[in-house]
Amino acid sequence: MVDVVAPSLSLTHRSPGLTAIYNEIKGSRVNHVLDLGASSARSFNFFAQLSCKIRFENLTDVFARNSGDVLQKETLLEQLAHYIDDRKLKEHFDLVLAWDLFNYLDLAGVEWFTQKLSVLCGPNALIHSVRYLGANIPTHPQTFQIVNQYQVMISEVAETAPRHHASHDTARLLKLMPDFYLESTYLNFDGMIPGLMENVLRFQPQKTLSGRRQSSDELNNLDVSHVSPVHQRDLQPHISPALANVFGSITAAPTILDLGQKTRQNFDFLYSITQHIYAENLHQELQLQEKAGGEVHFKAHMLNFPAELRFDIILLWDTLNFLSPDIIEKLFDRLRPWLHENTVIHAIVYSGKEIPANPQQFFMRTPAALDVCPSGKKVATDPLTSSRLLKLMKTFRLEETFVFRPGMQRGIYEYLFRSQR
């Protein structure tokens, strides 16, 4: 693991978690924000321009005052309770900035802390937190100031020392937070401080089924609203008869799971059809594990949906081309509880001697018309065929294959699979 380096003055951090939050709340009229860090004029002004009402509760001081001692847990929680007492904070908040506080609590403390926060959160409230991955971490919580929707400044950076509590892995934390759902995890994006991870969680008590709009996080430079003129020239039109088939046959608002790259244009299009949309950037989450040097697998928080939920449509895009057979098999095993007997899956599979080196970006203009932003090429060594896929998918049948249709890009096969319960 890489330890966070503590310079003497301040440090600028690219905050993709904050960007995702900004894009969700910027269209809202009024949001109530609870910042558990030190008060900051910059942070206040940032939220004021978004018509947000912000309240600061400086919990960092509770830890900083006792950073030289091993504070008794009961005393620490008693002091924290004074600041996050729901009898004093009578409003419900839409956003809570927890910053790096979880790093300074043991698991029981995290459980107690999130129970306190649950009382203060409104439905679908967002929680932003920072996790240090190294064995050495700052001696006490840092002071975070929001510069803009892309950057956070850490001022008066503390020295580092061995952590008092073992690093809490995400799966274990989420077991202690049953009313919270992990929306996004960010690590190793350009501009992020090495060894610092950001989590964005959503408050969903009893995992109620409310259509929750996925925020566009502006992390993908190929988002049409932010794409450079060079990338715009590279976009290639593609006609998708498979998607035309899927969206042309719906008679009611479907429940959709999008497992491709997050794209504002696609979400806007899908939300014109239904409010019941769930999304998870599957390839990105698995890549984070690979970059961290760990075993690539589905963690407890991944593909974890309300028990009563059933998907009508699952959009895989070209994700399967970049997963191992073992992961593909586990993917469909993981999805099975949220399928019904008529769930349809759309997948793009590449053929030919060369295939894209990474997942490509697909932008929906209509139910049938896409723009494709191509990635670099690599030599195809182990082609993914429909028969191989069916063996890995187990309880699916191949409903239809689309290839060489007018307007389709060469080398692209589109498959529609139908669930068989």
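Confidence is highest in strand β15, at a mean of 95, and lowest in helix α7, which covers residues 229–234 and has a mean of 51. Two stretches call for care in reading: pLDDT stays under 50 over residues 1–8, for which the model has 21 contacts beyond four places in sequence, and it also stays under 50 over residues 208–231, for which the model has 72 such contacts. Where pLDDT is low, the predicted coordinates should not be read in detail.

A search of the whole structure for aromatic pairs finds 11 of them. A pair of aromatic rings is described by the distance of the centres and the angle of the planes. In the pair formed by Phe 102 and Phe 113, the ring centres are 5.7 Å apart and the planes stand at 90°; because planes over 60 degrees apart count as edge-to-face, this pair is edge-to-face. Phe 102 belongs to the loop between β4 (93–99) and α5 (107–120), whereas Phe 113 lies within helix α5, so that the pair links parts of the chain 11 residues apart. Both Phe 102 and Phe 113 are buried.

The pair of Trp 317 and Phe 362 has its ring centres 5.5 Å apart and its planes at 15°, and it is therefore stacked. Since Trp 317 is in strand β15 (residues 311–317) and Phe 362 is in strand β18 (residues 361–364), the pair ties together parts that are 45 residues apart in sequence. Trp 317 is buried, with a relative accessible area of 3%, and Phe 362 is likewise buried, with a relative accessible area of 2%.

A further aromatic cluster is formed by Tyr 22, Phe 46 and Phe 47, and Phe 46 and Phe 47 are, together with Ser 43, the buried residues of helix α2, which runs over residues 41–48. When α2 is seen down its axis, these buried residues fall within an arc of 90°, and they therefore line one face of the helix. The buried residues of α2 pack against helix α1 (16–25) and against the strands β2 (31–35), β3 (52–56), β4 and β7 (143–146).

Key:
Residues numbered from 1 in each chain as written. Predicted model: local features only at pLDDT ≥ 70, side-chain atom pairs only at ≥ 80, totals over all residues. Heavy atoms only, no water. Phe/Tyr/Trp six-rings, centres within 6.5 Å; stacked < 30°, edge-to-face > 60°. Helix = DSSP H or I, 4+ residues; strand = E, 2+ residues; numbered from the N terminus. Buried < 20%, exposed > 50% of the residue type's maximum accessible area, 1.4 Å probe, protein only. pLDDT = per-residue confidence, 0-100. Contact = heavy atoms within 4.5 Å. Arc of directions from axis to C-beta.
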